[in-house]
Amino acid sequence: MHLARFPRLSLGHFPTPLEALPNLSSYLGGPTIYIKRDDCTGLATGGNKTRKLEFLLADALQKGADVVITQGATQSNHVRQTIAGAARLGLEAQVLLEQRVADSGDDYQYSGNVLLDKILGGAIVEHLPAGADMQLAMEQRAETLRSQGRTPYVIPGGGSNPIGALGYVACAEELLFQSSQQRLRIDHIVHATGSTGTQAGLVAGLSASHSGIPVLGISVRAPKARQEQNVWALAQRTRELLGVPGELARSAVVANSDYVGDGYGVPTAGMTEAVTLLARLEGILLDPVYSGKGMAGLIDLVRKGYFGKDDNVLFIHTGGAAGLFGYRQVLEQAAKNG
């Protein structure tokens, strides 16, 4: 792989830390758990989308864009980071928000990432109901802007296309270098998987480097079969963009959808436990939609003996702590009970 041949900006603070979680590891009495702090990427409170945006926004500039369009759920971390990246570059950002979480209350609708979107200068041009064709809505918005003489650049939800996935190919290279420097054998990588770009980029990068490290995505939305198919398809397209020969083995993509609960963004007991445990044992803030459910899956799998006692398990923290404020009531209650 030679990532330097792809246009790329410097938007984040890299490499992000790779550190041990000794208190959590001791508390669970299982494998040794480490964390890759992609919540520390630096762009408007950080998060995993910054890695993708370094490639996506570079492509936008190369194509002469003067406005970027993207979409996400109401409390989208991707939308917040896209607006921030566009602001850094002097580009306008127009966003479409999907109401994926029903009966969410004022905290969800107006605080957290929604407040940050407005502070950062993003234009929320449309609110759409759950299940809307968001890609079609973005394309229609782009066509309207073109008719006005503008040059829009459409970024898919989560930044999840082959260009965006290059950000997590770069992350795969980064964590392999860090683990080598620390003389750390990584036996498993676990993270929350949603729009697929993070897992697809990791799988593409790790498979191309023949690392032999398995990646387990804890799904926050889709059923297992659909999530694995979507990740595999994007990972294969990313490998093709990189020029990696051959087809990716289907077995390289594994997702677990047991921790979604009642749906995307809907709180679960496992999520609130995970958020509280990481905060009180390690001083680390997870988020309620992605890393909280991802860590809930990791904790439960440790308790079920999924990992060996002597394994080293790396959890990738994809950021999103700003979203905690959108879930104030449920998290206050969990903190009181904890």
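Modeller: The domain assignment, automatic or from a database, gives domain 1 (18-47 + 161-337) and domain 2 (48-155). This is a predicted model: local features need pLDDT of at least 70, side-chain atom pairs count only at pLDDT 80 or more, and totals for chains, interfaces and linings use all residues. Residues are numbered from 1 along each chain as its sequence is written, and side-chain values use heavy atoms, with hydrogens and water left out.

The C-alpha centres of the two domains are 24 Å apart. Contact (heavy atoms within 4.5 Å) joins 34 residues of domain 1 to 27 residues of domain 2. Together the domains bury about 2400 Å², 57% of it on carbon and sulfur atoms. That area is the accessible area (1.4 Å probe) that two parts lose on being put together, summed over both. L43, I163 and Y264 supply 24% of what domain 1 buries against domain 2, more than any other three residues.

Four salt bridges are counted between domain 1 and domain 2; each needs a side-chain nitrogen of Lys or Arg within 4 Å of a carboxyl oxygen of Asp or Glu. D107 forms a salt bridge with R328, with the closest N and O atoms 3.0 Å apart.

Which elements give two or more residues to the side of domain 1 that touches domain 2? They are α7 (162-181), α8 (197-208) and α12 (328-337). Helices here are DSSP runs (H or I, at least four residues), numbered with the strands (E, at least two) from the N terminus. The largest share of that side, seven residues, comes from α7.
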